[in-house]
Number of protein chains: 2
Amino acid sequence: MKEKVVFGIDVGGTTVKCGLFTTEGKLLEMWEIPTRTENGGAAILPDVARTVKDKIRERGLDAARILGLGIGVPGPVNTRGEVATAVNLHWGYKNVAGELQEALGCRVCVGNDANVAALGEMWMGGGKGASNLILLTLGTGVGGGVIVDGRIVAGAHGAGGEVGHACVNPEEPEVCNCGNHGCLEQMASATGLVRLAERYLASSEAESSLRKTKLSAKAVFDAYKVGDGAAAAIVEEFAGYLGRTMAVFACVTDPEIFVLGGGVSKAGEVLVQAVEKHYRKHAFSSCKDTPIVLAELGNEAGIYGAARMVLD
Amino acid sequence: MKEKVVFGIDVGGTTVKCGLFTTEGKLLEMWEIPTRTENGGAAILPDVARTVKDKIRERGLDAARILGLGIGVPGPVNTRGEVATAVNLHWGYKNVAGELQEALGCRVCVGNDANVAALGEMWMGGGKGASNLILLTLGTGVGGGVIVDGRIVAGAHGAGGEVGHACVNPEEPEVCNCGNHGCLEQMASATGLVRLAERYLASSEAESSLRKTKLSAKAVFDAYKVGDGAAAAIVEEFAGYLGRTMAVFACVTDPEIFVLGGGVSKAGEVLVQAVEKHYRKHAFSSCKDTPIVLAELGNEAGIYGAARMVLD
């Protein structure tokens with residue numbers, strides 16, 4: 001059998017996830033190598049090239065069967081596949097596409113990791129079948145990606161899909177990691193949810209099981225699920241910020257579907273329901289029924305999306 | 001000389017604007033016909049076909065020279081060039097592309113009028129040279145269009161670029177024309193600016209020349225330009241809503257440039273400066289320097305953009 005294959009690579013700060021896929025999106029094999037960030041991360045791309053070549057040899061893959069390699073990196077990527085800087089990899093300027101093309105001799109596509117994850121969820125995850133979607137990844141921060149007509153919207157400065165830095169409360173006194181005040185990330189990340197919880201508990205006298213536990217996004221949603229009143233108020237505030245902001249996003253690209261990923265999304269359907277209520281209230285009439293779903297690929301969204309870039 | 005030409009048509013509620021363009025964006029001729037909305041607007045497309053055929057005959061244009069016709073209509077348009085409904089034209093469902101293709105035998109492209117205007121400003125107006133932009137048209141309402149990679153983002157429900165219905169103040173008691181509360185349109189349209197002015201003047205004791213004049217967007221900006229304190233407070237509120245919301249939009253598609261059009265934009269550079277201040281404060285770091293400029297094509301943006309669709 002001579003079906004074509006693509007490699008999907010997701011470079012993180014500690015490990016590089018690697019996947020070999022069919023063009024239909026079947027994951028044939030997945031493996032990891034460490035990310036060597038020493039010496040300005042000089043070894044990272046040679047390591048990627050080596051592990052890919054090893055895999056090609058190990059599987060006896062003809063060059064003709066290999067459509068190419070897609071790679072997601074944690075930094076802004078321009079249309080030529082160059083990265084200006086990627087702090088977590090200790091990179092300054094890096095011609096990712098150029099280096100890998102030279103080393104591997106195949107087509108190479110490069111994207112920002114968060115955007116690439118959105119493409120992965122579109123291809124084989126929560127947004128399967130859609131070609132216009134917005135992914136919001138609710139983790140330590142809030143990241144995401146915007147897909148229009150099946151393609152990543154990278155933006156003029158690589159800030160397409162920087163959904164976590166939408167200003168949702170200009171009056172917010174605390175400062176976001178980005179230097180602004182009142183970003184969505186300060187309210188709707190795992191960290192942001194804990195911050196809202198601490199603030200609520202400090203300002204209220206309400207009894208709550210949350211007062212007796214270590215606060216985390218999971219603890220808040222667990223308390224919410226068993227009817228804790230304080231947790232309900234906290235989730236309501238969190239979901240209000242998130243749902244209203246998604247309604248604003250819908251006025252820009254009007255996606256077919258919203259996908260919620262990241263650690264906070266492990267709360268499951270109750271998260272979707274809480275957000276949906278606010279989204280539907282504030283969305284423009286023709287977008288009120290846009291589905292909101294959970295991401296399905298978890299940490300593998302990046303390798304799926306990286307591989308998918310090659311098929312475009 | 002046998003250069004290729006395209007027709008650009010912009011269907012409004014009272015007149016249909018028509019333009020004949022070279023492929024380089026030179027407007028060779030512009031004319032208008034009335035929009036006949038009686039009988040469910042049944043005559044509108046036949047009238048367009050007739051005036052185009054007349055022009056072809058009058059100028060002796062060979063079929064080979066005509067690349068096609070683009071048309072902007074005031075309603076949501078799907079990818080097949082069909083309109084579900086266009087209230088101002090008295091249309092229900094209408095296969096715009098199909099009817100005109102049959103009548104004219106050339107390529108026909110159909111778009112929503114506000115989106116098409118954004119494409120026009122990208123081609124030959126304030127956003128010339130850009131391929132990613134957002135147009136905000138500050139008129140009776142707030143409309144606009146989003147362009148990514150040189151193409152209109154129509155959206156899954158034709159609501160791409162419905163920037164006027166971004167929720168900017170969920171506490172707003174008054175209702176927007178769309179049925180929601182606190183839309184950008186309620187603050188940043190000409191009507192919205194007057195509303196903010198009335199509210200400010202009613203709640204304040206401040207002396208102001210605005211108390212002695214008929215309120216309008218122009219009156220507010222005229223008073224602002226000569227240093228009226230109340231006008232300054234009103235413009236500050238208006239520009240705050242607009243600049244902050246544009247900063248949120250930048251987190252979605254990260255445009256190369258924002259273009260401000262519509263009647264309110266006649267205020268000129270003072271509008272840009274007022275909005276810029278708030279935009280720069282709230283925009284994500286890499287988008288803080290995105291230029292904000294005035295639209296240049298006025299009411300002709302629609303025919304330019306309609307013609308430009310054909311060249312894609």
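Chain A is built from 10 helices and 12 strands, where helices (H or I, at least four residues) and strands (E, at least two) are DSSP runs numbered from the N terminus. Please keep in mind that this is a predicted model, in which local features need pLDDT of at least 70, side-chain atom pairs count only at pLDDT 80 or more, and totals for chains, interfaces and linings use all residues. Residues are numbered from 1 along each chain as its sequence is written.

**How the two chains relate**
- The same surface serves both copies, as 100% of the contact residues of chain A recur in chain B; contact means heavy atoms within 4.5 Å.

**Overall dimensions and packing**
- The C-alpha trace of chain A spans about 65 × 45 × 35 Å along its principal axes.
- Of the 312 residues in chain A, 58% are buried (under 20% relative accessible area, with a 1.4 Å probe and protein chains only).
- Among contacts in chain A with a separation of 6 or more, 59% join residues 24 or more positions apart.

**Surface and charge**
- Chain A exposes about 12500 Å², and carbon and sulfur atoms supply 50% of that area, computed by the Shrake-Rupley method with a 1.4 Å probe.
- Chain A carries 30 positive and 36 negative side chains, counting Lys and Arg as positive and Asp and Glu as negative, without His and the chain ends.
- The centres of these two sets lie 4 Å apart, with each charge placed at NZ of Lys, CZ of Arg, CG of Asp or CD of Glu.

How values were computed:
Chains lettered and ligands numbered in written order. Heavy atoms only, no water. Buried < 20%, exposed > 50% of the residue type's maximum accessible area, 1.4 Å probe, protein only.
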